[in-house]
Amino acid sequence: MKKYFLFNLSAGMEYRTSFLIQVFGMVLNNCAFIIFWKMLFDRVGGDINGYGFREVMFLWALATFGFSISEILMGNARQLSSIIYKGELDVYLLQPRAVLPNLVCSRMNISGWGDLIYGVALFVITQPLTPVRIVLFLLFALMMALVFVSVRVFYHSLTFFLGNAEQFAATISELVIMFTIYPGSIFSGPSTWILHTIIPAALVAWIPAQLFASFDPLKFLMLLAADGVIVLLSLFMFREGLKRYSSGNRMGTRL
């Protein structure tokens, strides 16, 4: 992962102007939502189902920082369906490395650096800073990145079984991100079940936000177990799908 990180970073920095435009463009894009939420809470004049401005900003900081880690370190996960149905997986299978880590870590999405800067800055500006809270924030961001990549791997692996599932997997991924930045308390009924399982926004953002406000060791262990199940399911799905993969007879090389 370290070699991929350094290589991808140096490749991105090759065109520094483009790199800076993508990074700061993403920061400015995200900043617009701070204004939106500030105006909304000023208009409401209180909290929204238990979420105040600070709590919503925590969701944003966690979502953007966690998402940025996945985009910077494992940015190729979003290309998985395309790689499978185009037969480009052969290139990775021929290398003497574990296929899935080699595959997802081989690309960095430069705009992720903008999310990283935004997420860290938003956390520092809007949240009370104590060593424990900083550690929790970093831990939850890493857990979110791992779960988010696992969700992508799981749904993109459907391509092994159903044909091209790229659009479906991309939609689910977008839904996970979209729901994490809204207060979880505004959802009720069957939708909450979906948001704890099929689209696990609750696991990556809402429950961590509750633990950040009031840490509960038992709930934290349950969260770790739930995240572990998602990771294991994604590994199982990819491994079983790989057994069905047929070579695309595509010629290619990787250094």
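The structure is a predicted model, in which local features need pLDDT of at least 70 and side-chain atom pairs count only at pLDDT 80 or more, while totals for chains, interfaces and linings use all residues. Residues are numbered from 1 along each chain as its sequence is written, and side-chain values use heavy atoms, with hydrogens and water left out. Helices are DSSP runs of H or I with at least four residues, numbered from the N terminus.

**The largest pocket**

- The largest pocket holds about 370 Å³ of space, and 18 residues line this pocket, of which Asn30, Phe67, Asp115, Glu174 and Ile177 are the closest to its centre.
- A pocket here is an open set of points on a 1 Å grid over the protein atoms alone, where a 1.4 Å probe fits and protein lies on both sides within 12 Å along at least five of seven lines; lining residues have an atom within 4 Å of a point.
- Grid points are joined across faces, edges and corners, and the volume is the space filled by probe spheres set on the points.
- Helix H2 (16-44), helix H3 (53-73) and helix H10 (166-180) each supply at least two residues of the lining, and H3 gives the most, with five residues.
- By residue class, the lining of the largest pocket comprises eight nonpolar, five polar and five charged residues, where Ala, Val, Leu, Ile, Met, Phe, Trp, Tyr, Cys and Pro count as nonpolar, Asp, Glu, Lys and Arg as charged, and the others, Gly among them, as polar.

- Phe19, Val23, Val27, Asn30, Trp37 and Phe41 are buried in H2, with buried meaning under 20% relative accessible area, exposed over 50% and partly exposed in between (1.4 Å probe, protein chains only).
- Leaving aside neighbours within four places in sequence, Val23 is in contact (heavy atoms within 4.5 Å) with Ile110, Trp113, Gly114 and Ile117.
- Met26, also placed in helix H2, is partly exposed at 22% relative accessibility and touches Ser111, Gly114 and Asp115, not counting residues up to four places away in sequence.
- Just after H2, Gly45 takes a positive phi of about 80°, and in the loop between H2 and H3 Asn49 has a phi near 50°, a positive value in a residue other than glycine.

**Helix H7**

- Helix H7 (residues 112-126) has 15 residues and reaches 21 Å from its first C-alpha to its last, close to the 21 Å expected at 1.5 Å a residue.
- The buried residues of H7 are Gly112, Trp113, Gly114, Asp115, Tyr118, Gly119, Leu122, Phe123 and Thr126.

- Asn102, in helix H6 (residues 99-104), is buried at 3% relative accessibility, and its side chain makes a polar contact of 2.6 Å with the side chain of Gln95.
- A polar contact is a pair of N or O atoms within 3.5 Å; within protein, one must be able to donate a hydrogen and the other to accept it, and residues adjacent in sequence count only if both atoms are side-chain atoms.
- Beyond its neighbours within four places in sequence, Asn102 is in contact with Tyr4, Tyr92, Gln95 and Arg97.
- Ser173, in helix H10, is buried with a relative accessible area of 4%; its side chain reaches the backbone oxygen of Ala169 at 2.9 Å, and Ser173 touches Phe148 and Arg152, not counting residues up to four places away in sequence.
- Ala205, in helix H12 (residues 201-213), is buried at 0% relative accessibility and, apart from neighbours within four places in sequence, is in contact with Leu59, Leu62 and Thr180.

Technical notes: The expected span of a helix is 1.5 Å times one less than its number of residues.
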